[in-house]
Amino acid sequence: MCIKPVKKELVYKENEHLENLVINPYDLYALQNIIEMKKEGTEIICISMGPEGAKEALRRCIALGVDDVIHLSDKHFAGADTIATSYVLKKAIEKIGDVDLICCGQKTVDGETGQVVYALSEQLGMPCIAQVETIMDLSVENASIERENGECIEKLKVRLPAVISYRNCTTIYKKINLLRLKRAKNKEIVVWNRNDLEIDRSMCGLKGSKTIVQDVNKINPMVKKEQTVLDGDIENTAMIIKNIILGKDNGVCTYGK
Amino acid sequence: MEYVHMGNKKIWIINDQDVLYATEHVLQILHKGIRLKRNDNDEVSVICVGVNREDELKKLFQYGADRVIFCEQREGYSISLYVKCIATMLEDKLPDVILFPASITGRQTAAMLSVRFNAGLTACCTDIKYDGDKERYVFIRPAMSESVLAKITCINEKLQMCTIKENIFESRFVTNEITFNMEYFSYTEKGLDKNIEVLERKALDLKERVDIKSAKIVFVVGRGMKHSMDLCKTVARQYGAVVVGTKAAVEEKMIQENRQIGQSGISISPDICVALGVSGATQHMVGIKGAQVIIAVNTDVNAPIFEYSDYVIVDKGENILAELAK
């Protein structure tokens, strides 16, 4: 399971969670589904490429019920686009070895490209099924999957190993086991760097990327408006709203002018 | 006449269909491709893989394609076959820039080819410009909940790629006087792809689809409205409003997912938006940024949504609804 930690502000309101980096909501959905599917003898490993704070997101993965986590961390991994990112993930997956199913979220809420899952399948030379709704059956050799494809629902059978991504996202942690979370807090998290993964500098981070962000401009921020506070009695307030909706001028309404 | 060959740009549009090629989405991207031509020496080609449908291919020329490169595949169509066809064409013809529709097929093809050819790929562009000084294309896309516009260029390799969502550009009919400038390409698959088998394919139920994009009046519900959904739906019906909601409302099963607005849902621009129990976190506000009039009802006097609203009511959503129902 590939996880990306994203900035908390992008997902939750202030103070809702303590960590600065949280699990990307699309990844969280995929992860919780995979954990629910888990059978005896199945091992789930979460990998995450990211800054030091990614460890906190990985600890949450442990608390949610995964067996092991690996943090892919190296200063040379920074600035990676989808090609460089998928290459590092591929090297990590190959190092883990003997992986049957690689699972991603549809996209991240910060980058929002949704490309890594496809790029990763190409890097690994494995079939890829994106936009997964449910895994109906998982055997040693195949997975039966239902997914949305444009205006169709498809039932597919894919030979393993394969790469999949779930379509949906969630911000709700279904069952964080507090005891597990506490234990996870003290767990030494395995870190793999560039040397552990035998990755050449030219293949990762900004150097391994084929795109570069030239500049970033702030755009159409939400405009703060001048408000009319409707604090009269409720019948009057409702009447004003009614008039606005029906497009009638009532002296307060500016709509339609 | 001077014939300039050096520096001609080959602009490719990848068609994501295998029968009906002239979709509105492809025609929109085609028109953008034509606008990227610097002069008549630059060439816009549409790449089609699938069955031979002359009427469909003709329409591509009517909408301005200089050339259609066509690879006939009558059966055994699969995504891996499709990608292999296009990859073989790519090696043969070396385009400069490739524009893909951001459909599932388009995205997957783009991302796989970008890895295979080490080509830079920008997802979901909202504009593309040509930088004459540096002889490269500049891909522009929103990021971080549509709060910023990023300008992205390709580095390290010549081939440049991007995907484009539907309805970003406009399609435009060019002419009926067309030349059928077809280029045929053949590719034969050695052995069928047995990795993915389609067991069943059925169209999504049409009745489930709601056109929330063109709604004039919407009621947006947040988690706070959990116990008043019946009332909310009744009042909405009474006023001809469409009920939509935040991600939280979907997770609480108050509304169907196809009615979700905001960052991970849909952005709407209604005339009137009545927000009931919506706090106004950035990821929701993105979805109703285009609303002309926002009426916000929330019990929390400090709810962020109030700052962006025209009318502010500090009350329970259900109280207001109960009044509106009368």
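## Briefing on a predicted two-chain model

In helix α1 of chain B, the residues B:H25, B:V26, B:L27, B:Q28, B:I29, B:L30, B:H31, B:K32 and B:G33 are buried, where buried means that 20 or more other C-beta atoms, placed from the backbone, lie within 10 Å of the residue's own. This is a predicted model, in which local features need pLDDT of at least 70 and side-chain atom pairs count only at pLDDT 80 or more, while totals for chains, interfaces and linings use all residues. Residues are numbered from 1 along each chain as its sequence is written, and chains are lettered from A and ligands numbered from 1 in the order in which they are written. Helices (H or I, at least four residues) and strands (E, at least two) are DSSP runs numbered from the N terminus.

**Confidence**

- The model scores ipTM 0.86 and pTM 0.83.
- Chain B averages a pLDDT of 89, and 95% of its residues score at least 70, pLDDT being the predictor's confidence in each residue, from 0 to 100.
- Over residues 1-5 of chain B the pLDDT stays under 50, and the model has one contact beyond four places in sequence for these residues; two residues are in contact if their C-beta atoms, placed from the backbone, lie within 7 Å.
- Where pLDDT is low, the predicted coordinates should not be read in detail.

**Chain B as a whole**

- Chain B has eight helices and 16 strands, and its C-alpha atoms fill a box of roughly 75 × 50 × 40 Å, taken along the principal axes.
- Of the 326 residues in chain B, 46% are buried.
- Among contacts in chain B between residues at least 6 apart in sequence, 62% join residues at least 24 apart.

**The α1 helices**

- Nine of the 12 residues of α1(B) are buried, so this helix is largely enclosed by the rest of the structure.
- The cover over the buried residues of α1(B) includes β1 (10-14), β2 (43-50), α2 (54-62), β4 (97-101), β6 (127-131) and β9 (160-164) of chain B.
- Helix α1 of chain B (residues 24-35) should span 16 Å at 1.5 Å a residue, and its end C-alpha atoms are 17 Å apart, which agrees; the expected span is 1.5 Å times one less than the number of residues.
- In chain A, the 13 residues of helix α1 (residues 25-37) should span 18 Å at 1.5 Å a residue, in agreement with the 19 Å between its end C-alpha atoms.
- The buried residues of α1(A) are A:P25, A:Y26, A:D27, A:L28, A:Y29, A:A30, A:L31 and A:I34, and what covers them includes β2 (21-23), α2 (54-64), β5 (101-105) and β9 (162-166) of chain A.

**Nonpolar cores**

- The largest nonpolar core has 117 residues, and those with the most contacts inside it are A:C61, A:V88, B:I13 and B:L30; such a core is a set of buried Ala, Val, Leu, Ile, Met, Phe, Trp, Tyr and Cys residues joined through C-beta atoms within 7 Å.
- Apart from it lies another core, of 50 residues, among them B:V221, B:A248, B:C273 and B:A303.
- Leaving aside residues up to four places away in sequence, B:L30 touches B:I13, B:V44, B:V46, B:L60, B:Y63, B:G64 and B:A65.

**Strands and sheets**

- Six strands form an open sheet with parallel pairing, in the order β12(A)-β16(B)-β15(B)-β14(B)-β12(B)-β13(B), where two strands pair if DSSP finds at least two bridges between them.
- At the edges of this sheet stand β12 (228-229) of chain A and β13 (242-245) of chain B, each with a single partner strand, so one side of each is left without a neighbour in the sheet.
- Strand β12 (residues 217-221) of chain B runs parallel to β13(B) and is joined to it by four bridges, with B:V244 as the bridge partner of B:V220.
- In chain A, β6 (residues 128-138) and β7 (residues 142-149) run antiparallel and are joined by five bridges, forming a hairpin with three residues between them.
- Eight bridges join β7(A) to the antiparallel β8 (residues 152-159) of chain A, and in their hairpin, which has two residues between the strands, A:G150 takes a positive phi near 60°.

**Where the chains meet**

- The contact takes 65 residues from chain A and 67 residues from chain B.
- On the side of chain A that touches chain B, the residues divide into 30 nonpolar, 19 polar and 16 charged; Ala, Val, Leu, Ile, Met, Phe, Trp, Tyr, Cys and Pro count as nonpolar, Asp, Glu, Lys and Arg as charged, and the others, Gly among them, as polar.
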